[in-house]
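Open the model in your viewer and keep the selection tool at hand. We will go from the whole chain to single side chains.

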Amino acid sequence: MLIKDKWVVFETRTKLYYAGNDKSGFPAPRSLSAETRQYKTRRAAMCAIDRISDITEYYSFRPEYIENKEVPESEIEAISAELAEVSDPSGWKEVYAFAVPGTENFSKIRLCMNNANGVEMFGVKKEDGKIYSAGFGGGEKALRVFCEYCFDFLLPRVTRQEMERIK
């Protein structure tokens with residue numbers, strides 16, 4: 001999706017964008033995507049910041065103008081786009097997988113970790129056997145992508161079984 005001549009609300013501490021509130025009514029900043037709230041004017045973005053600031057003081061929002069930028073359709077696509085293939089997989093350990101015996105394709109999706117001088121870096125090992133990471137500080141992104149892959153794999157199996165019971 002193309003964002004053109006719009007204002008968005010940027011959160012300076014998390015480096016994410018305002019895309020609405022979570023279920024409990026608090027702001028839930030997310031990666032820049034089509035889900036990001038867009039405003040026609042700077043004034044409209046400032047009004048949104050005023051309303052958001054009434055809810056919580058934890059965040060530090062500011063308006064940001066986007067002249068012309070192609071963005072992913074969803075937050076998960078945006079996070080996935082930020083992961084890059086790890087050029088040297090040595091030192092990476094597989095730390096978690098949602099797998100049980102007999103699910104060979106699914107067990108290939110793993111959450112991985114590399115400990116570099118006491119600093120942990122996380123990544124995702126995909127079905128192709130390659131590790132993808134967002135680097136230091138990208139653990140949340142790696143975990144979200146890992147969980148999304150697991151969800152995508154399991155959803156057809158779970159719904160297929162439910163649909164068979166209904167018939």
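Contact here means heavy atoms within 4.5 Å. Of the contacts in the protein with a separation of 6 or more, 59% come from residues 24 or more positions apart.

Before the first stop, note what you are looking at. This is a predicted model, where local features need pLDDT of at least 70, side-chain atom pairs count only at pLDDT 80 or more, and totals for chains, interfaces and linings use all residues. Residues are numbered from 1 along each chain as its sequence is written, and side-chain values use heavy atoms, with hydrogens and water left out.

**The whole chain**

Switch to cartoon view. The protein has three helices and eight strands. Helices (H or I, at least four residues) and strands (E, at least two) are DSSP runs, numbered from the N terminus. Along the sequence the pattern reads β-β-α-β-α-β-β-β-β-β-α.

Now show the surface. The accessible surface comes to about 10600 Å², and 51% of this belongs to carbon and sulfur atoms. Accessible areas come from the Shrake-Rupley method with a 1.4 Å probe; for residues, only the protein chains shown count as cover. Of the 167 residues, 34% count as buried. Buried means under 20% relative accessible area, exposed over 50%, and partly exposed in between (1.4 Å probe, protein chains only).

**Aromatic rings**

Select the aromatic side chains. How many aromatic pairs does the structure hold? There are five aromatic pairs. Rings of Phe, Tyr and Trp (its six-membered ring) pair if their centres lie within 6.5 Å; planes under 30 degrees apart count as stacked, over 60 as edge-to-face and the rest as tilted.

Pick Trp 7 and Tyr 65. Their pair is tilted, with 5.3 Å from centre to centre and 55 degrees between the planes. It links distant parts of the chain: Trp 7 sits in strand E1 (residues 2-11) and Tyr 65 in strand E3 (residues 61-70), 58 residues apart. Trp 7 counts as buried because its relative accessibility is 18%. Tyr 65, at 39%, is partly exposed.

Next, pick Tyr 59 and Phe 61. This pair is also tilted, at 5.5 Å centre to centre and 45 degrees between the planes. Is Phe 61 buried or exposed? Phe 61 has 12% relative accessibility, so it counts as buried. Tyr 59 has 22% and counts as partly exposed.

**Glu 64**

Select Glu 64 in strand E3. Glu 64 is buried, because its relative accessible area is 18%. Its side chain meets that of Tyr 17 in a polar contact of 2.9 Å. A polar contact is a pair of N or O atoms within 3.5 Å; within protein, one must be able to donate a hydrogen and the other to accept it, and residues adjacent in sequence count only if both atoms are side-chain atoms. Leaving aside neighbours within four places in sequence, Glu 64 is in contact with Lys 6, Trp 7, Val 8, Phe 10 and Tyr 17.

**Asp 5**

Move to Asp 5 in strand E1. Most residues other than glycine have a negative phi. Asp 5 is not a glycine, yet its phi is positive, about 50 degrees. Asp 5 is partly exposed, at 40% relative accessibility.

**Last stop: cysteines**

Select Cys 47 and Cys 112. Cys 47 is partly exposed at 34% relative accessibility, whereas Cys 112 is buried at 0%. The structure holds zero disulfides (pairs of cysteine sulfur atoms within 2.5 Å).
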